[in-house]
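Student: I am new to this structure. Can you show me how to read its features one at a time?

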Amino acid sequence: MSTKEFEKVLITREEIKDAVEKLGKRISKDYEGKELLLVCILKGAFVFCSDLVRNITIPVTLDFLSASSYGQTSVSSGNVQIYKDLETDIIGKHVLLVEDIIDTGLTLKVLKGIMTVRNPASVKICTLLDKKDRRKVDITPEYCCFSIPDEFVVGYGLDYSEKYRNLPDIMVLSRSVYE
Ligand code: IMP
């Protein structure tokens, strides 16, 4: 695309690295002595989760859940579809859902509900980004790296129509790309 594809860099790779290191330390302390299962919500959280897990210093297991409420658009439908479920039995485990971004909160509300009925010891939410102003349901992450304004962002795993996941920084996408 020749016209301006991105408005600006919102969060640099250095800021992300620093925040993820701090978060890994916090989680390691909070879950000391507990059976921790990180659930990476695909696809958007794959980069965040791979960095986060390497900053966790206690024993941890990992599983993947693929869900989407967006399809090819930039607006959440609230109609959450699970494409790939967990392979792990979560009964009695401390589940930490790892998400790239919370927007309306609809996706995580549904996913947290699905996890909770499977009788884990606990279910908490860890997100890289939080767009609090856009919330439509009552859901608060226990762990969050950055609160961001109401802008559509891409990079570090986040996509628009499956593009830009490979960018190392978090960028604000120009409106002209998706409007
Ligand atoms: P929610 O159900 O509205 O909270 O949407 C959460 C999901 O929407 C995230 O897991 C992302 O996949 C996607 N999403 C929300 N905002 C953005 C954004 O700014 N950039 C990329 N994906 C986003």
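Student: Which residues of helix 1 are buried?

Tutor: First, a caution: this is a predicted model. A residue counts as buried when its relative accessible area is under 20%. In helix 1, the buried residues are I16, A19, V20, L23, G24, I27 and S28.

Student: How many salt bridges does the structure hold?

Tutor: The structure holds 16. One of them joins D51 and R54 at 2.8 Å, N to O. D51 is partly exposed at 24%, while R54 is exposed at 61%. There is also a network of salt bridges linking K43, D159, E162 and R165.

Student: Are K131 and D103, which meet in a salt bridge, buried or exposed?

Tutor: K131 is buried, at 5% relative accessibility. D103 is buried too, at 7%. Their side chains meet at 4.0 Å, N to O. K131 lies in the loop between strand 6 and strand 7, and D103 in the loop between strand 5 and helix 3, so the pair ties together parts that are 28 residues apart in sequence.

Student: What is the nearest side chain of opposite charge to K93?

Tutor: That is E35, 4.5 Å away. A salt bridge needs the charged atoms within 4 Å. K93 is buried yet has no salt bridge. K93 sits in the loop between strand 4 and strand 5. Beyond its sequence neighbours, K93 touches E35, L37, T88, P120, A121 and S122.

Student: How many disulfides are there?

Tutor: The count is 0. Two cysteine sulfurs must lie within 2.5 Å to qualify. For C49, the nearest cysteine sulfur is that of C40, 4.0 Å away. C49 is buried, at 3% relative accessibility. For C144, the nearest cysteine sulfur belongs to C145, 6.7 Å away. C144 is partly exposed, at 26%.

Student: How many aromatic pairs are there?

Tutor: A search finds 5. To read one, look at the ring centres and the angle between the planes. F6 and Y164 are edge-to-face: 5.4 Å centre to centre, with 75 degrees between the planes. F6 lies in strand 1 and Y164 in the loop between strand 8 and strand 9, so the pair ties together parts that are 158 residues apart in sequence. Y160 and Y178 have centres 6.0 Å apart and planes at 55 degrees, so this pair is tilted. Both Y160 and Y178 are buried. Ring pairs link F152, Y160 and Y178 into a cluster.

Student: Where is I11, and which residues is it in contact with?

Tutor: I11 is in strand 1. Leaving aside neighbours within four places in sequence, I11 contacts I16, L129, F146, I148, D169 and I170. I11 is buried, with a relative accessible area of 4%. Its C-alpha atom is separated by 9.2 Å from that of V172, which is 161 residues apart along the chain.

Note on methods: Residues are numbered from 1 along each chain as its sequence is written. This is a predicted model: local features need pLDDT of at least 70, side-chain atom pairs count only at pLDDT 80 or more; totals for chains, interfaces and linings use all residues. Side-chain values use heavy atoms; hydrogens and water are left out. Helices (H or I, at least four residues) and strands (E, at least two) are DSSP runs, numbered from the N terminus. Buried means under 20% relative accessible area, exposed over 50%, partly exposed in between (1.4 Å probe, protein chains only). Lys and Arg count as positive and Asp and Glu as negative; His and the chain ends are not counted. Contact means heavy atoms within 4.5 Å. Rings of Phe, Tyr and Trp (its six-membered ring) pair if their centres lie within 6.5 Å; planes under 30 degrees apart count as stacked, over 60 as edge-to-face and the rest as tilted.
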